[in-house]
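Good morning, colleagues. Please look at the display.

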Amino acid sequence: MDQTTHHHAHDHQWPQVLRAKGLRATSQRIAVLDYLHHHPHADAETIFQAVRAPLPTISVQAVHLIVQDLSAIGLIRRINLPDSASARYETRIEDNHHHVQCIQCGRIEDVDCLVGHAPCLEPSDTHGMRIIEASIVFRGICRDCDPIIEERKLKP
């Protein structure tokens with residue numbers, strides 16, 4: 001299943017989405033949402049580098065504040081991954097999916113949660129908490145970084 005099936009259907013309706021959540025639909029917020037929609041798992045610095053050409057007055061601090069605000073109201077998801085220097089963000093918020101991360105190059109991909117039987121969603125002990133989400137990070141070595149996979153491809 002490709003990633004776009006999970007993303008917001010309202011790709012170019014960010015102004016309405018922002019207003020429905022009680023935020024002004026500024027060009028900066030719309031640019032950040034649009035970039036994340038097409039480039040999931042980006043960090044604030046990457047978002048800043050991408051949106052500053054069309055928005056020369058935007059600052060890194062503004063991008064940090066925008067992703068904080070959008071995360072707080074549930075329009076984007078903040079992802080904290082091992083060995084990642086900074087938080088990543090994505091607009092795929094409708095489901096409880098997980099991530100796989102290459103330990104060499106840092107590439108991050110979405111992993112759909114198990115359908116039907118999902119032990120990752122039922123902890124052995126909730127310690128009296130109402131569970132609202134499960135966050136699983138699978139870590140491995142991607143095809144481009146793995147010499148073992150490369151060797152297998154070369155053998156006839």
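Is His-41 buried or exposed? His-41 is buried, at a relative accessible area of 5%; buried means under 20% relative accessible area, exposed over 50% and partly exposed in between, with a 1.4 Å probe and protein chains only.

A word on the source. This is a predicted model, in which local features need pLDDT of at least 70 and side-chain atom pairs count only at pLDDT 80 or more, while totals for chains, interfaces and linings use all residues. Residues are numbered from 1 along each chain as its sequence is written, and side-chain values use heavy atoms, leaving out hydrogens and water.

To return to His-41: its phi is positive, about 75 degrees, although the residue is not a glycine. His-41 sits in the loop between helix 2 and strand 1. Helices (H or I, at least four residues) and strands (E, at least two) are DSSP runs, numbered from the N terminus.

Three strands form an open, antiparallel sheet in the order 1-3-2, with strand 1 and strand 2 (77-79) as the edge strands, each pairing on one side only. Two strands pair if DSSP finds at least two bridges between them; strands 1 and 3 are joined by 2 bridges. Ala-42 has Tyr-89 of strand 3 as its bridge partner.

Helix 3 spans residues 44-51, and its residues Ala-44, Ile-47, Phe-48 and Val-51 are buried. These four lie on the same side of helix 3 because they cover an arc of only 100 degrees around the axis, the arc being that of the directions from the helix axis to the C-beta atoms. Their cover includes helix 2 (27-38), strand 1 (42-43), helix 4 (60-72) and strand 3 (88-90), where contact means heavy atoms within 4.5 Å.

Finally, charged pairs. How many salt bridges does a search of the whole structure find? The search finds 6, each defined as a side-chain nitrogen of Lys or Arg within 4 Å of a carboxyl oxygen of Asp or Glu. One of them joins Glu-90 to Arg-77, with the closest N and O atoms 3.6 Å apart. This pair links distant parts of the chain, strand 3 and strand 2, across 13 residues, and both partners are buried. Asp-95 and Arg-92 also meet in a salt bridge, at 2.6 Å from N to O. Arg-92 is buried at 2% relative accessibility, whereas Asp-95 is partly exposed at 22%.
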